[in-house]
Amino acid sequence: MSEIGFEKHDHTACMAGALDAAESACEARGLRLTKGRRRVLEILLQEHRAMGAYDILGLMADEGYGAQPPVVYRALDFLVGNGFAHKIERLNAYIACSHPGDDHAPVFLICRDCGVVAETGMSLRNSLGAAAERVGFAIETTVIEAEGLCPACREKSAA
Ligand SMILES: [Zn+2]
Ligand SMILES: [Zn+2]
Ligand SMILES: [Zn+2]
């Protein structure tokens, strides 16, 4: 898995690919990617940055979705519940998943300077899983959040 958030890449293709993947995953699993859900995912995909529900709400209100917090919160629940997005507790914000469809425990690398977030993944059958198994614990969700400096900000501070 690559840490796409820090790499220069064709972001238009990156966004289109992620939306396509979400659409076909919904179709395959009998889920409905409604207009509101799709728009929230699109907003989350726009930048490799985490966004608070309130920011999303502000954007959508301007687009005629009205000031309807439930629409945004329900869409976020749907996206997180089905693995299309993750919640970053530390930032109380949401980010689109970089590897939807993979069975993974997300690991977030959060730049404390510019706010870019890269998601890398960990297999669920890793050492943490093995450690939990030894004590008879069944892990359901694991979210690992690391804070530091991204390559661009490290370069800036070294200059
Ligand atoms: Zn991208
Ligand atoms: Zn993910
Ligand atoms: Zn940075």
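This is a predicted model: local features need pLDDT of at least 70, side-chain atom pairs count only at pLDDT 80 or more; totals for chains, interfaces and linings use all residues.
Two packed helices are described by the angle between their axes and the distance between the axes. Helix H1 spans residues 11–29, and helix H2 spans residues 35–46. They pack at an angle of about 150°, and their axes lie 10 Å apart. Because angles over 145 degrees count as roughly antiparallel, H1 is roughly antiparallel to H2. The crossing of H1 past H2 is right-handed. On the H1 side, the contact is made by His11, Met15, Ala18, Leu19, Ala22 and Glu23. H2 contributes Arg38, Leu41, Glu42, Leu45 and Gln46. By class, six residues of this contact are nonpolar, two are polar and three are charged.

The zinc ion (ligand 3) is held by four cysteine SG atoms. The donors belong to Cys111, Cys114, Cys150 and Cys153, at 2.3 Å. Angles between the four donor atoms around the zinc ion run from 104 to 113°, so the arrangement is tetrahedral. The donor residues follow the spacing C-x2-C-x35-C-x2-C in sequence. Cys114 sits in the loop between strand S3 (104–111) and strand S4 (117–123). Cys153 belongs to helix H6 (residues 151–158). The pair Cys114 and Cys153 therefore ties together parts that are 39 residues apart in sequence.

The backbone feature concerns Asn92. This residue lies in the loop between strand S1 (85–88) and strand S2 (93–96). Most residues other than glycine have a negative phi. In Asn92, phi is positive, near 50°.

Terms used. Residues are numbered from 1 along each chain as its sequence is written. Chains are lettered from A and ligands numbered from 1 in the order in which they are written. Side-chain values use heavy atoms; hydrogens and water are left out. Axes are lines fitted to C-alpha atoms, for helices over the stretch in contact, and angles run from 0 to 180 degrees between N-to-C directions. Helices (H or I, at least four residues) and strands (E, at least two) are DSSP runs, numbered from the N terminus. Angles under 35 degrees count as roughly parallel, over 145 as roughly antiparallel, 65 to 115 as roughly perpendicular and the rest as oblique. A crossing is left-handed if the near helix is turned anticlockwise from the far one by less than a right angle, and right-handed if clockwise. Contact means heavy atoms within 4.5 Å. Ala, Val, Leu, Ile, Met, Phe, Trp, Tyr, Cys and Pro count as nonpolar, Asp, Glu, Lys and Arg as charged, and the others, Gly among them, as polar. Donors are N, O and S atoms within 2.8 Å of the metal (3.2 Å for Na, K and Ca); water is not among the atoms, so sites may look incomplete. Four donors count as tetrahedral if all angles lie between 85 and 135 degrees; four count as square planar and six as octahedral if opposite donors are over 155 degrees apart and all others between 65 and 115; anything else is irregular.
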